[in-house]
Amino acid sequence: MLKLPETTNGRSHEVPLVGRAREVLSSIGPQAGNPFVFIGRQPGTSPSVAAIDQAWRRIRLAAGAPDAQLHDVRRTVGSWLAQSARCWGRTAPPPCRPPRA
């Protein structure tokens, strides 16, 4: 579980992570004096908007979906989770339902 102490709306939030995501984030490890998971070029900074946009552009091209938007990915994953037996780290609690046969 990734615990975000304060989000843009000022509240804390917990994000369930699959095993591979936990492995990747654990392998990065903290950098002294930097509170960010993904770091910018300067000490104590996050990546610039341009750097994030450039990385997202490369990801879209590699996936063969040059017009995809992050919101599309979020919606798609949400739909997959809702259709699967596992939803948000739990086994089929409402409103999650097992996939249709």
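This passage describes the fold, the surface and two residues of a predicted model. Local features need pLDDT of at least 70 and side-chain atom pairs count only at pLDDT 80 or more, while totals for chains, interfaces and linings use all residues. Residues are numbered from 1 along each chain as its sequence is written, and side-chain values use heavy atoms, without hydrogens and water.

The chain holds 3 helices and 4 strands. Their order from the N terminus is β-β-α-α-α-β-β. These elements are DSSP runs, numbered from the N terminus (helices, H or I, at least four residues; strands, E, at least two). Of the 101 residues, 8% are buried (under 20% relative accessible area; exposed is over 50%, partly exposed in between; 1.4 Å probe, protein chains only).

Asn-34 lies in the loop between α1 (19–28) and α2 (49–62). Asn-34 counts as buried because its relative accessibility is 9%. Its side chain reaches the backbone nitrogen of Phe-36 at 2.9 Å. Beyond its neighbours within four places in sequence, Asn-34 is in contact (heavy atoms within 4.5 Å) with Ile-39, Gly-44 and Thr-45. Across the chain, residues 24 or more positions apart supply 3% of the contacts with a separation of 6 or more.

The accessible surface of the chain is about 8700 Å². Carbon and sulfur atoms account for 58% of that surface. Areas come from the Shrake-Rupley method with a 1.4 Å probe; for residues, only the protein chains shown count as cover. Ile-28 belongs to helix α1. Ile-28 counts as partly exposed because its relative accessibility is 39%.

Definitions and conventions
A polar contact is a pair of N or O atoms within 3.5 Å; within protein, one must be able to donate a hydrogen and the other to accept it, and residues adjacent in sequence count only if both atoms are side-chain atoms.
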